[in-house]
Amino acid sequence: MDQFQIAEYQMDVLKEIGNIGAGNAATALSKLLGKQVDMKVPSARLMPFDQITESLGGAEQVVTAVFLRVVGEVPGNMFFIITLESSKRLLNRLLGMDIGADGFTELEMSALAEIGNILAGSYLTSLSDFIKLNLQPTVPSLAIDMAGAILSYGMLQYGQMGDQALLIDTTFMEGNEEVEGHFFLIPDPESIERIFHALGVPPS
Amino acid sequence: MIIEDIPIIKVGMADMNAVQAPGVLKTSGLGSCIGLSLYDPINKIGGLAHIMLPSSDIARDQSYHVAKFADTAIPALIEQMVKLGAMKSCLQAKMAGGAQMFALASSEMMRIGPRNIERCKEMLSEYTIPLIAEDTGGNYGRTVELDCSNGVFLIRSVQNGVKQI
């Protein structure tokens, strides 16, 4: 199989998936915070590996990431990624935790993983309802590290077939961008056709 | 004060490059990937590859970047360095990366870091290149730089700061 092609009308469908998933997750976050959470228009693109960290500020940018492997009929990788500053504010708002300059405690990391789990869970549930296919998240794990080191995990499945990966990226922010983050959904290559098939999208 | 302008050459994911001193080769954000460097200390020629997966057997088409897989990256890097004037018998290897970023790694794909390390070592011994230093494994990301004037391999990480091997 060659580098696969995705037509523009198919990309629109993938954007809509990002819209529905992240929309529900943003609602969940808004309920947690008791504040309005806004969302940018999702992007769905085939990205060269090198550029996949661009929207996060480059491969060396340190971020907080919750990773969930998605299993079921539409396997893939899901990342909930927020900046370090945003994760401190999030903990402070939700749990009244005051985070010092020297990193996170185990309890704080666990709280962040759980927030990521709730949000990614609501993303995936709404997605599953929409495409009527079974998908389940695995147990979340948290890493605070370089964006490149983290996101490369989501691209391994694509490494077998080319030099780019399909990324559905949705940015959300609360208030005056005090909490800003991303949902990245990277469906495995074979999942893309299944999504289109389930939604009755014609092949390109 | 003299500020030397040493060119820094960035090596992207699944890519590689080689250069003669002065020059620094750099690759960023290694997680489960490997930053593998080869260095000829006599001719001061260095090479760096950002290896993503252990074996090209799994490639589903033939038009892949050779640097993506350990088994194709190492011979290709040697060849590129020999073209620049490096002596194959002088080459020394250093490598970093191969981490397991997420604790709950159940599937085989998630164990890719250790498998990358293993495969790189096999390939190096196949080409009888000594691995003189490594900083591999763990659960954290790394950025590496190879200084081609002296072969120093610099490793930067969020948790452990900077170290040289």
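Modeller: We shall consider confidence, then the fold of one chain, then the contact between chains. Please bear in mind that this is a predicted model.

Colleague: What are the mean pLDDT of chain B and the scores of the model?

Modeller: Where pLDDT is low, the predicted coordinates should not be read in detail. For chain B the mean pLDDT is 91, with 92% of its residues at 70 or more. The model has an ipTM of 0.86 and a pTM of 0.89.

Colleague: How many helices and strands does chain A have, and in which pattern do they follow along the sequence?

Modeller: Chain A has six helices and eight strands. Along the sequence of chain A they run α-β-β-β-β-α-α-β-β-α-α-β-β-α.

Colleague: Why does the radius of gyration of chain A agree with that of a compact globule?

Modeller: A compact globule of 204 residues would have a radius of gyration near 17 Å, and chain A has 16 Å, so the two agree. The C-alpha atoms of chain A occupy a box of roughly 50 × 30 × 30 Å along the principal axes. Of the 204 residues in chain A, 44% are buried. Among contacts in chain A with a separation of 6 or more, 74% join residues 24 or more positions apart.

Colleague: How many residues does each chain bring to the contact, and which elements of chain A take part?

Modeller: The size of an interface is often given as the accessible area lost when the parts come together. Here we may count residues: 28 come from chain A and 30 from chain B. On the side of chain A that touches chain B, β3 (62-72), β6 (141-146), α4 (147-151) and α5 (156-159) each supply at least two residues. That side of chain A comprises 14 nonpolar, eight polar and six charged residues.

Terms used: Residues are numbered from 1 along each chain as its sequence is written. Chains are lettered from A and ligands numbered from 1 in the order in which they are written. This is a predicted model: local features need pLDDT of at least 70, side-chain atom pairs count only at pLDDT 80 or more; totals for chains, interfaces and linings use all residues. Two residues are in contact if their C-beta atoms, placed from the backbone, lie within 7 Å. Helices (H or I, at least four residues) and strands (E, at least two) are DSSP runs, numbered from the N terminus. Ala, Val, Leu, Ile, Met, Phe, Trp, Tyr, Cys and Pro count as nonpolar, Asp, Glu, Lys and Arg as charged, and the others, Gly among them, as polar. The radius of gyration is taken over C-alpha atoms; the globule rule is 2.2 Å times the number of residues to the power 0.38. A residue is buried if 20 or more other C-beta atoms lie within 10 Å of its own, exposed if 12 or fewer, and partly exposed in between; C-beta atoms are placed from the backbone. pLDDT is the predictor's confidence in each residue, from 0 to 100.
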